[in-house]
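Please consult the sequence and the structure below while reading.

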Amino acid sequence: MRKLLLLSFVILFTLAAIAKDKIVYIEKFDNSSVGDVFKVFDIEGDELTDASAVVEADPASPSSLCLHVKTGSKAAFVEFQNPGNISGSTVLKTYERIYMQFYVPESNTAALNRNVVVILGANSQTVNAASGVNEAGKWIPTTQTLGKASSIRKTVRIGLNVKEGEYYVKLIRYLTTDFGYDYNDPTQTARYYADQLGLNFGVCVSPGQLNDNSRMGQTIWRNFNMMVGENAMKMDATEPNQNGFNFSQGDAILSFAEKHDMKVRGHTLCWHSQIPSWIGNSNSADNPKGWTKKQLLDILKNHIYGVVKHYAGKIVEWDVVNECLADGQSGNGYVLRSNSIWRSVIGEEFIDSAFVWARRAADEAGDYDVKLYLNDYSVDAWSGGKTKALYNLAVRLKNSGVPIDGVGMQTHTQINNYNLSGVKESLEKFKAAGLNCIFTEIDIEGSNPISTTQLKTTQGEKYAGIVDFVCSYEISPTMVVWGISDGNSWLSNAATTKPLLFTADMEAKPAYLAVVNKFKEYAEKAGVGQVYSDESPWGESAVDVYNITGQKIASGVTIDFIDNLPEGLYIVGGRKLYVK
Ligand code: G3I
């Protein structure tokens, strides 16, 4: 029987805690004998005869063994088999670091302060780092980051870069990052808990990042259950020529999403920026082609119909209108931005029309579930005039019968400015107005440069605060970060303000672990993790099964039927159930 996770019970056991470093030994000499010999090679890959690597008693603790390396006219690198016959490519996907200890004898200190060399692939793909082995007569631990090899062997060669030198080495092992995070273990990912809570935890991507085998591709699908194109579904990409649609970038995102069971949100159908040049200029009220109001409305309608119908049933949320509000609002009513061709040629009704056409196009294509959002930035705390303007406009649309489901708070913000209690106040207002309020483009910058406290603590607190919102407000099912890593952000200071959840090397930051822990806390409260793998929680009783949108799938069925359902969330016998 497969695993069934009952979601609405009190938890019966504690889920595995975030693991510390996961380790696999390459060699610890516990199965070796004194006198065993290992092969040594020079940096070009030629086997050396004037160097040696022999198993001996540990010079500091003679009851255990280690390897004694002596080099001659060239630096020598000892060859080890990778453990369990794993190849280096598996190493790179699973373990990001290599650890070993060195001991330089006081009788020959040539090996002190030399680089550690780790050769995982072809000779040119060498990982070098200052060794830190700076004291003779004691064991010194070193850790090197892997990740530079692309063509891979089943062996690894290791050594200090020293000629005519001598040293001992032991406890050679691969390990995960310092953050104790292993994305191969789903229970250490935010996705695992977000999936079970039925929430969307997303990231913006470009098609070029979606490679199944790359560290980046894996970081995306293993940690997130939703994607949005950073640029792929904007008008300049989807309709580069009038009525000449190009869906290639968006389709690439959808196919990756399908493969990895992820949702996709659409960004964006109508924006004053990134418009194709055949319409006019981005960020401008000018109308260089002289479109009449009717012509531009027809263009907008044709675009929205073309894109929404193409993606019908595949996109769960659309940002229908993006950033239509002016900056610097008083909070009374709302003021639309002026540097927009939509606003200058059509007037405010472009907003109403865009929503109506998006809804009609989706409905005509049989997609009644897609949610339609009005998206903007600097609309976070309720004290902000622009937040009130967004509210006033969204309420005006809703009261006019325009099919709007809610608002998107982009959440491009800073650790020191982001006011969680102010955002909560806004959520309460949107909730009372019957509007969803989701987090669509989150990045939370630190000071420039980010401080250690921000990096280790406060950035995570702000991110986890948003997790709190999506877990506790039904009107807020989605949170999306705007970029996979600090190396993939649109922000010009991202290298130093580090706004996102992963480092440029794709290691999980403390903020990511804070997000995981917060989702996990809610999942545990909801009883996620009560695993029924051997018996039915309903005994032999017959139950009704619904999908998560409330559609009935089956009546009066027993556990055999449930056991054969595709993986996903269901409502069975009145309780939420995750079938794995
Ligand atoms: O497509 C061209 C490419 O052909 C060319 O070689 C390259 C050279 O620079 O530029 C490419 O276009 C860039 C595009 O990103 C795709 O990479 C544009 O110059 C660049 O301006 C554009 O930036 C995007 C920006 O929106 C444009 O307004 C950012 O990636 C994207 O993160 C950002 O996203 C916006 C949201 O859509 C709305 N909210 C604010 C958010 C941040 O600005």
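**Helix packing and nonpolar cores**

In this predicted model, helix α6 passes helix α8 in a right-handed crossing. The two helices, α6 and α8 (residues 349-364), pack at an angle of about 35°, and their axes are 9 Å apart.

**The contact of α6 with α8**
- From α6, the residues Lys293, Leu297, Leu300, Lys301, Ile304, Tyr305, Val308 and Lys309 take part.
- They meet Glu349, Phe350, Ser353, Ala354, Trp357, Ala358, Arg360, Ala361, Ala362 and Glu364 of α8.
- By residue class, this contact comprises 11 nonpolar, 1 polar and 6 charged residues.

**Leu300**
- Leu300 belongs to helix α6, which spans residues 293-310.
- Leu300 counts as buried because its relative accessibility is 0%, under the 20% cut-off.
- Beyond its neighbours within four places in sequence, Leu300 contacts Leu269, Cys270, Trp342, Phe350, Ala354 and Trp357.
- Leu300 and Phe350 are 50 residues apart along the chain, yet 8.3 Å separates their C-alpha atoms.

**Nonpolar cores**
- In soluble globular proteins, nonpolar side chains tend to be buried together.
- The largest nonpolar core has 107 residues, of which Trp318, Trp342, Phe439 and Phe519 touch the most other members.
- Residues up to four places away in sequence aside, Phe519 touches Ala190, Tyr193, Ala194, Leu197, Leu199, Phe201, Val467, Val470, Cys471 and Met479.
- Another core, of 36 residues, lies apart from the largest one and includes Val55, Leu67, Leu112 and Val133.

Key: Residues are numbered from 1 along each chain as its sequence is written. This is a predicted model: local features need pLDDT of at least 70, side-chain atom pairs count only at pLDDT 80 or more; totals for chains, interfaces and linings use all residues. Side-chain values use heavy atoms; hydrogens and water are left out. Helices (H or I, at least four residues) and strands (E, at least two) are DSSP runs, numbered from the N terminus. Buried means under 20% relative accessible area, exposed over 50%, partly exposed in between (1.4 Å probe, protein chains only). Contact means heavy atoms within 4.5 Å. Axes are lines fitted to C-alpha atoms, for helices over the stretch in contact, and angles run from 0 to 180 degrees between N-to-C directions. A crossing is left-handed if the near helix is turned anticlockwise from the far one by less than a right angle, and right-handed if clockwise. Ala, Val, Leu, Ile, Met, Phe, Trp, Tyr, Cys and Pro count as nonpolar, Asp, Glu, Lys and Arg as charged, and the others, Gly among them, as polar. A nonpolar core is a set of buried Ala, Val, Leu, Ile, Met, Phe, Trp, Tyr and Cys residues joined through side-chain atoms within 4.5 Å.
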